[in-house]
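Let's take a friendly walk through a protein model, starting with its rings and ending with its strands. Have a look at the picture first.

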Amino acid sequence: QVQLVESGGGSVQAGGSLRLSCATSKYKYSRVCLGWFRQAPGKEREGVATIDRDGSTTYVDSVKGRFTISQDNAKNTLYLQMIGLIPDDTAMYYCAAKPSAYPDYTCRPTSRFIYWGQGTQVTVSS
């Protein structure tokens, strides 16, 4: 089982930057896929970015060029560096994890993530 705890959220004006962190427990899966998701009030949860153990990444089109997902395997920490924030980025951000193993070895936003953090709020004002 993987435990995740997000931090780094806050309020920022449009054009500002934030870096979210997700501390993960040491997992025993041979390969784990990690992702960032967000959900705004009244809207469905949206996959923002994913990163696999080998460092391969995916991004939703709306954040490409502005957000960067990364991981520090030595620290068991996942990051989401966000620049050029816009009001539409306002949401609760969650980190999540899933094994990249049989029967589901995929690592993309639509993959079935089974471990979730509690969320950290990001608010972007205009």
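Which residues form one aromatic cluster? They are Phe-37, Phe-113 and Trp-116. Before we go on, note that this is a predicted model, in which local features need pLDDT of at least 70 and side-chain atom pairs count only at pLDDT 80 or more, while totals for chains, interfaces and linings use all residues. Residues are numbered from 1 along each chain as its sequence is written, and side-chain values use heavy atoms, with hydrogens and water left out.

**The rings**

The structure holds three aromatic pairs; rings of Phe, Tyr and Trp (its six-membered ring) pair if their centres lie within 6.5 Å, and planes under 30 degrees apart count as stacked, over 60 as edge-to-face and the rest as tilted. Phe-37 and Trp-116 make a tilted pair, because their centres are 4.8 Å apart and their planes stand at 55°. Phe-37 belongs to strand S4 and Trp-116 to strand S10 (residues 115-116), so this pair ties together parts 79 residues apart in sequence. Strands here are DSSP runs (E, at least two residues), numbered from the N terminus.

How exposed are the two partners? Buried means under 20% relative accessible area, exposed over 50%, and partly exposed in between (1.4 Å probe, protein chains only).

| Residue | Relative accessible area | Class |
|---|---|---|
| Phe-37 | 4% | buried |
| Trp-116 | 30% | partly exposed |

Arg-45 lies over the face of Phe-37, at 5.9 Å from the ring centre. A charge counts as over a ring if NZ of Lys or CZ of Arg is within 6 Å of the centre and within 35 degrees of the ring normal.

**The strands**

Now for an open sheet: four strands in the order S1-S3-S8-S7, paired antiparallel. Two strands pair if DSSP finds at least two bridges between them. Strand S1 (4-7) and S7 are at the edges with a single partner strand each, so one side of each has no neighbour in the sheet.

S8 is joined to S3 by six bridges, and Ser-21 stands opposite Tyr-79 in S8. Six bridges also join S7 to S8, where Gln-71 stands opposite Leu-78. S7 and S8 form a hairpin with four residues between them, and Asn-76 in the turn has a positive phi of about 55°.
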